[in-house]
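Subject: Handover of a structure and its findings

Dear colleague,

Please find below the structure that I am handing over to you.

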Amino acid sequence: MANDAQNSSGWMLQNKPGVCGLDNSGNSCYLNAVLQCLCSTMPLVEHLLNQDTRQELAKCKCRVAQVFVRLLEKMWLGSSSSCAPVEARSMLGSIYPQFDNHTQQDAQELLLHLLNALHEDLKKLHFSGQQPGERPGLSSTAESTIVSDLFEGQLSYLTHFLRCGHQAHNGQTFTVLSLPIPKGNKKCSIQDCLSLFFEETFLTGAEQSVCSACGRRREAAVQTRLDKPPEILVLHLKRFGCKGKSQVKLSANVSFSMELDVAPFLSSSARGVSSYHLYAVVNHTGHLDMGHYTALCYNSLLETWHCFDDALVREVQERLVQSPNAYVLFYSDKPF
């Protein structure tokens with residue numbers, strides 16, 4: 001990074017590909033942080049900036065995708081040190097009214113809505129044959145897009161009814177795993193959170209489930225497993241909860257490493273990799289109503305980590321990625 005001009009505080013003054021701040025347009029730090037992480041997801045960036053993909057997007061009414069691609073072009077192909085994602089914010093607000101204001105919003109909720117909007121929009125690109133920029137080996141169905149190919153995983157639930165012994169299998173697709181934080185702990189690890197999410201649960205009392213074999217409500221044990229690990233694994237730490245009638249933030253320091261092993265949580269039929277590599281983090285500082293979002297992202301071209309605080313950008317050491325402010329973690333099954 002010797003060619004980058006920096007001011008005395010270390011904030012970068014000159015842009016590099018993919019290193020571009022995002023102007024705050026009024027409590028939009030939650031949006032900026034999420035956009036930085038998605039714009040650092042290289043398989044998504046490479047697909048959407050593919051010339052064939054951009055030509056097809058121009059032919060159809062893929063408004064969401066076109067807005068996102070225009071932002072990618074500014075961040076990866078432009079020369080400015082920052083840009084204003086006003087078009088992206090306006091587009092999201094028109095689709096999801098809860099984001100059409102200048103109040104602070106939840107970054108994880110925004111991420112889910114943005115991925116869903118992009119997925120639904122890109123489904124319009126399907127035609128007979130291969131999608132533009134489609135990667136070999138991926139299925140091409142009417143419901144499949146680059147978003148689902150990358151971010152969708154599958155959970156399996158094995159329900160064992162304790163009295164009759166019947167077992168039922170169910171599955172659920174996910175794009176983000178929301179992990180509980182162990183109660184009462186000031187320090188824990190991401191593995192502790194995963195273990196708590198995947199631990200066996202028992203359905204008793206009012207939570208009893210109806211057994212499909214005997215037709216009665218029975219006590220049951222439910223085992224959750226990761227059946228299809230996604231290419232991009234997004235982990236959301238459930239820091240916001242309720243204590244009585246008040247909403248509170250859990251400030252536990254959740255430690256995580258650059259490498260994540262999910263092998264202990266895979267189902268017996270799971271295929272694919274079990275090791276992941278961290279490439280982006282959404283951080284939240286402050287309280288529920290008076291907080292601020294930033295992002296830490298790895299740039300695969302420069303092989304450096306950067307901190308994005310709205311329009312301000314600075315390079316950071318890898319050891320500084322770990323912090324007690326982590327809120328959403330982005331892992332890839334392949335190093336970029």
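A crossing of two helices is called left-handed if the near helix is turned anticlockwise from the far one by less than a right angle, and right-handed if it is turned clockwise. Please also bear in mind throughout that this is a predicted model.

**Helices H1 and H6**

By that definition, helices H1 and H6 cross in the right-handed sense. Their axes lie 9 Å apart, and the packing angle is about 55°.

**Helices H4 and H5**

Which sense does the crossing of H4 and H5 have, left-handed or right-handed? H4 passes H5 in a left-handed crossing. The angle between H4 and H5 is about 160°, and their axes are 9 Å apart. An angle over 145 degrees counts as roughly antiparallel, and this is therefore how H4 and H5 are described. H4 contributes Arg63, Val64, Val67 and Arg70 to the contact, while H5 contributes Glu87, Ala88, Ser90, Met91, Ser94 and Ile95.

Helix H5 covers residues 86–95, and its buried residues are Ala88, Arg89, Met91, Leu92 and Gly93. What covers these buried residues? The cover includes helix H1 (29–38), helix H4 (63–77) and helix H6 (107–122). Two of the residues named here, Ala88 and Met91, are buried and also take part in the contact with H4.

Strands of a sheet pair through backbone hydrogen bonds, either parallel or antiparallel. In this structure there is an open sheet of four strands, with the order S4-S3-S10-S7 and antiparallel pairing. Strands S4 (167–174) and S7 (201–203) are at the edges; each has a single partner strand, so one side of each has no neighbour in the sheet. On average, neighbouring strands of the sheet are turned by 30° against each other, direction ignored.

Strand S3 (residues 153–161) pairs with S4 in the antiparallel sense over eight bridges. Within this pairing, Gln154 has Thr173 of S4 as its bridge partner. Helix H8 (residues 190–198) packs on the sheet and touches both S3 and strand S10 (220–228). The direction of H8 makes about 125° with that of S10.

**A hairpin**

Strands S12 (residues 240–243) and S13 (residues 246–249) are joined by four bridges in the antiparallel sense. Phe240 stands opposite Lys249 of S13. The two strands form a hairpin with two residues between them. Gly244, in the turn, has a positive phi of about 70°.

**Aromatic pairs**

A pair of aromatic rings is described by the distance of the centres and the angle of the planes. How many aromatic pairs does a search of the whole structure find? The search finds nine. For Phe197 and Phe198, the ring centres are 4.9 Å apart and the planes stand at 75°, so this pair is edge-to-face. Phe197 is partly exposed, with a relative accessible area of 23%, whereas Phe198 is buried at 3%. Elsewhere, Tyr30, Tyr96 and Phe99 form one aromatic cluster.

Most residues other than glycine have a negative phi. Glu303 has a positive phi, near 55°, without being a glycine. Glu303 lies in the loop between S17 and S18 and is exposed, with a relative accessibility of 58%. Asp310 is also not a glycine and has a positive phi of about 55°. Asp310 belongs to the loop between S18 and strand S19 (312–316), and is buried, with a relative accessible area of 12%.

Leu302 is found in the loop between strand S17 (291–299) and strand S18 (304–309). At 27% relative accessibility, Leu302 is partly exposed. Leu302 and Cys20 are 282 residues apart along the chain, and their C-alpha atoms are separated by 13 Å.

Yours sincerely

How values were computed: Residues are numbered from 1 along each chain as its sequence is written. This is a predicted model: local features need pLDDT of at least 70, side-chain atom pairs count only at pLDDT 80 or more; totals for chains, interfaces and linings use all residues. Side-chain values use heavy atoms; hydrogens and water are left out. Buried means under 20% relative accessible area, exposed over 50%, partly exposed in between (1.4 Å probe, protein chains only). Contact means heavy atoms within 4.5 Å. Two strands pair if DSSP finds at least two bridges between them. Rings of Phe, Tyr and Trp (its six-membered ring) pair if their centres lie within 6.5 Å; planes under 30 degrees apart count as stacked, over 60 as edge-to-face and the rest as tilted. Axes are lines fitted to C-alpha atoms, for helices over the stretch in contact, and angles run from 0 to 180 degrees between N-to-C directions. Angles under 35 degrees count as roughly parallel, over 145 as roughly antiparallel, 65 to 115 as roughly perpendicular and the rest as oblique.
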